[in-house]
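Biologist: I am new to this structure. Please show me how to read its features.

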Amino acid sequence: MTHPDIGDLIVGSSQVIRNLRDEVRRAAPRRTPVLIQGPTGAGKELVAQGLHSESGRRGPFVPFNAAAIPEGVFESELFGHVRGAFSGAVRNQPGLLRRACHGTAFMDEVAELPSAAQAKLLRVLDTHEVCPVGGDIGKPTDFRLVAATNVDLIAAVRHGQFRADLLFRLRGIVITVPALRDHPEDIRLLAVHFSRIAMAESGGAEIVFTSSALRCLEEYTWPGNVRELRQTVEYAAFLSEGSAVDDRHIAHALSRPGVDDILFTQELEERRGLLTLLNAHAGDVAAMALALGIDRSTAYRRMHRLGITVASRGPRRRTEAVGAGAELMRRES
């Protein structure tokens, strides 16, 4: 099986990126779990792919996003299930971890793991066996787990939202992916790299940037990191209609709602909905979790992420916004 070169996955000539590639190469041959930390859009999955590519493991790279799997089917998706384990289980399914046998299982947004799945994953890492839902015998499997997060898992442990023993197992090796603002000297190289990918995918002509376009890219702060840069380059190339990409095309591409605005709107809507439901249950987090069909620890994780806390004052509870939630309130007003 041919794997992509690490230089095509982790692109850049800055010292920061060279150090990152070296770190990935050193960590890759080991079986130890890896925890990748870094902001949204910084390229954590590309680093995971680099670990797999350099590992020499002959099995597949199996990515999955913990936040994207509905909680009711999480254990089935992750660990598999046997026929008849539940309604609709008409055949045996191996699950994501067993599909990664002899390869790498990449778990993004690991902080969103439900508490029951955390306990079961810890056992899998300790025994190297996966027991499917509805089964009573663990099935040996050989995979390398790489997890990623953009949140502070140590703080999540302190708040009772993540198991300390699982965190200790996950951070056998910790790799931190830098924000784009920490290596701005790579922006030009990345822009050309993304333009070549866009050209190859569309079958169009070579994309050329004017010096003013490149300056425009370098002067922007990139809150969405390399993911936002790639999307901007692709859209600017579309706007240029085959001519050189100049600063007007870049400015137009950047004038669309930015990552900060989109994330703010999403968080604001999610926070409003959670507060409404929490107030409807008089601040009872357990009742709110039941109404959402999630466990209480997951509810507390969402509340913490959105800056919502429940304060007891006499016989009544009230909800408060703290931290990020307070900032959302200020921005909303």
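Biologist: Is Y220 buried, partly exposed or exposed?

Modeller: Buried means under 20% relative accessible area, exposed means over 50%, and partly exposed lies in between (1.4 Å probe, protein chains only). Y220 has 25% relative accessibility, so Y220 counts as partly exposed. W222 is at 2%, so W222 counts as buried. This is a predicted model: local features need pLDDT of at least 70, side-chain atom pairs count only at pLDDT 80 or more, and totals for chains, interfaces and linings use all residues. Residues are numbered from 1 along each chain as its sequence is written, and side-chain values use heavy atoms, with hydrogens and water left out.

Biologist: How many aromatic pairs are there?

Modeller: A pair of aromatic rings is described by the distance of the centres and the angle of the planes. Rings of Phe, Tyr and Trp (its six-membered ring) pair if their centres lie within 6.5 Å; planes under 30 degrees apart count as stacked, over 60 as edge-to-face and the rest as tilted. The count here is three aromatic pairs. One of them is F61 with F106, which is stacked: 6.0 Å centre to centre, with 20° between the planes. Y220 and W222 have ring centres 4.6 Å apart and planes at 85°, so this pair is edge-to-face.

Biologist: What is the relative accessibility of F106?

Modeller: F106 is at 1%, so F106 counts as buried.

Biologist: What is the average pLDDT of the protein?

Modeller: pLDDT is the predictor's confidence in each residue, from 0 to 100. The protein averages 85, and 88% of the residues score at least 70.
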